[in-house]
Amino acid sequence: MLGLESLGIEWASLLLILTIFGLLLIGLPLAFVTGLTAMIFAFGWFNPMVATHLVTSRVYGFLNEYVLVAIPMFVLMASLLDRSGIARDLYNTMRLFAGRLPGGVAVQTLVVALFLAAMSGIIGGEIVLLGLLALPQMLRMGYDKKLAIGTVCAGGSLGTMVPPSIVLIIYGLTANQSINDLFLATIIPAFLLGSLYITYILVKCRLDPSLGPPLSAEELEIPLSEKLRSAKSVILPVLVAAMVLGSIYAGIASVTEAASMGVVGVLLSTWLRKELNWKMMYQSLRQTLNTVGMIIWIGLGANALVGAYNLMGGNRFVEGAILGLDVAPIVIILVMMFIMLILGLFMDWIGIALLAMPIFVPIVIKLGYDPIWFGILFSMNMQVSYLSPPFGPAAFYLKSVAPPDISLGLIYRSMLPFIALQIVALMLVLFFPQIALWLPGL
Amino acid sequence: MTQSNQLKFQPEATEKVFDNLDNCDIRTRLDAYIDRIGSVVSILFLVGMTISVYEIFSRYLFNSPTLWAHESTIFLVAISFAYGGAYCLARNTHISIRLLYDWVSPRTRQIFDIVNSSLGFIYTLAIAWAAFEMTRRSMFTPMGEFRLETSGSAWNQPIPPLVKASLLICIGTMAVQNALHVIKAIRQGPVGPHGTVIDVEAN
């Protein structure tokens, strides 16, 4: 209609990228950026009949994905957990992991972070909880500030990788891959990342014990009754998490049904802990509506944009350009990782998952790689984007609960060694795909 | 001594922080209504959850899978998805990059606000039209006769027109919201970094 088609796909692609970044820069919400760009290109390239049909069918189709129903359920589950005292009791119970080792409390924090990640699929809440629980504890004991902050942020963002991760659900949806397989494939890489963090902390504190003083003997001494009480109160929520993941892995329930069961389980646990009340319910539900509104509306726009771009021949153009390069396939994967890292500096994971994955995944498949493996690389990559400046959300979440003397700059500096570890883990999975593919292949 | 190592972690503290995370910026009266209605719409998540769980029980315990659970869950949650867009717009919580926005002068920021809300208006108006066409086609035959499109499954209820109509209502509301934001941005004068109105006269 606007004669954009006379530009040719090469210039149109460039114009599209410039439009997206230009609109993002002036502060237009990502949900509208993707949607508006989709509109401009759909109506600019095709006649209005085709354009309307394209946009409506993409939008309506996206809203009707059954898998998407799992997202509000997992978000609701996490919001309820965040508002209960379950994280606190879990933290107290896990004190046995701290032991007398230098750096022990940081290790304890990571173990708790792994558990919390297995109970919810989003980050943010976890960083806030760990920032409220673990950070003051470590600072009081005289831990090195940078080590303490880095541990909290790195641990809190494990949620993107540990099942049930919403990042992987969205990836599975856009790349048309089995979410069960993705959830299986991510287990070993997630533990690998967790162990890298723990090893780093232990080695660093062994070399310089002043970085993470151990708990004193009297602090380690907890009466048995106290231990039992706090252990008892976490058994139920841990069981709920095990049940949710178990029923997905065993194929008893779909991801969506398992997520719904998870919400019921958490509701029951909080009720038995005498914490459930209307206010908590009301706040959690509203938070869920807000989070889901953000995610889905970015999704609607991005889905329409990808639909328009592909119909314009964009996917064939990018595919041809990339497959035409005279380089080893692994170099192409590395370049994709690099592009995602750069995009991750500016954009939320949901935008990258919905915009870049529909273009990247078919290429990955054509190159002969496993899209499940690529999904794990993607989620590891998004971990980096959670931490990395200038927009790493982890820092903002932590800043909102950290003592005032901890600056955003200090938080970002503290994350650097952990970002390096994430990249190491990413490279390990990249060059040894079996780390991810062994479990689903069994 | 045993008590001293117990964490001083109060539930109230978390509550305060999470309310803080929910920090929102409600600009017009319509936004305030949408925000309030949101607490009713969000109950749909609980209804969807209940239906899903009921389906699991009837499948495994009573060995009689339902025909309607799957579709009705999607239907209810799709409505809340559509509403979520208006809800986030009302609360100004859609994700955006604020780097340049926070950096520029209040007057430029006002221009950004006007431009952004106008672009938002154009987008929502365009998809409102598309949603209108889609809804019309699911309710009327090309000849203009009233005929509700059905889902075509074993249950075969007129779910699609309901979802499409709710989508149309939500998007239409968003277009009005955006239009009101444009008017608000023009009227209120230069604004501070987080949407606070700056009193130019006082400076």
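Guide: Between chain A and chain B the count is two salt bridges, a salt bridge being a side-chain nitrogen of Lys or Arg within 4 Å of a carboxyl oxygen of Asp or Glu. The model is a predicted one, in which local features need pLDDT of at least 70 and side-chain atom pairs count only at pLDDT 80 or more, whereas totals for chains, interfaces and linings use all residues. Residues are numbered from 1 along each chain as its sequence is written, chains are lettered from A and ligands numbered from 1 in the order in which they are written, and side-chain values use heavy atoms, with hydrogens and water left out.

In one salt bridge, the side chain of Arg286(A) meets that of Asp35(B) at 2.5 Å, N to O. Helix H15 of chain A, residues 278-311, gives the most to the side of chain A that touches chain B, namely 17 residues; helices are DSSP runs of H or I with at least four residues, numbered from the N terminus. By class, that side of chain A has 47 nonpolar, 16 polar and 12 charged residues. Here Ala, Val, Leu, Ile, Met, Phe, Trp, Tyr, Cys and Pro count as nonpolar, Asp, Glu, Lys and Arg as charged, and the others, Gly among them, as polar.

As for extent, 75 residues from chain A and 75 residues from chain B take part in the contact, where contact means heavy atoms within 4.5 Å. Together the two chains bury about 7000 Å², 73% of it on carbon and sulfur atoms; buried area is the accessible area (1.4 Å probe) that two parts lose on being put together, summed over both. In chain A, the residues that lose the most area to chain B are Arg286(A), Leu289(A) and Trp297(A), together 11% of what that side buries.

The interface also holds 13 residue pairs in polar contact, both residues at pLDDT 80 or more. A polar contact is a pair of N or O atoms within 3.5 Å; within protein, one must be able to donate a hydrogen and the other to accept it, and residues adjacent in sequence count only if both atoms are side-chain atoms. The side chain of Glu257(A) makes such a contact with that of Arg59(B), at 2.9 Å. Glu257(A) lies in helix H14 of chain A, residues 255-272. Leaving aside residues up to four places away in sequence, Glu257(A) touches Tyr66(A), Ser52(B), Glu55(B), Ile56(B) and Arg59(B). Glu257(A) counts as buried because its relative accessibility is 6%, buried meaning under 20% relative accessible area (1.4 Å probe, protein chains only).

Technical notes:
Helices (H or I, at least four residues) and strands (E, at least two) are DSSP runs, numbered from the N terminus. Buried means under 20% relative accessible area, exposed over 50%, partly exposed in between (1.4 Å probe, protein chains only).
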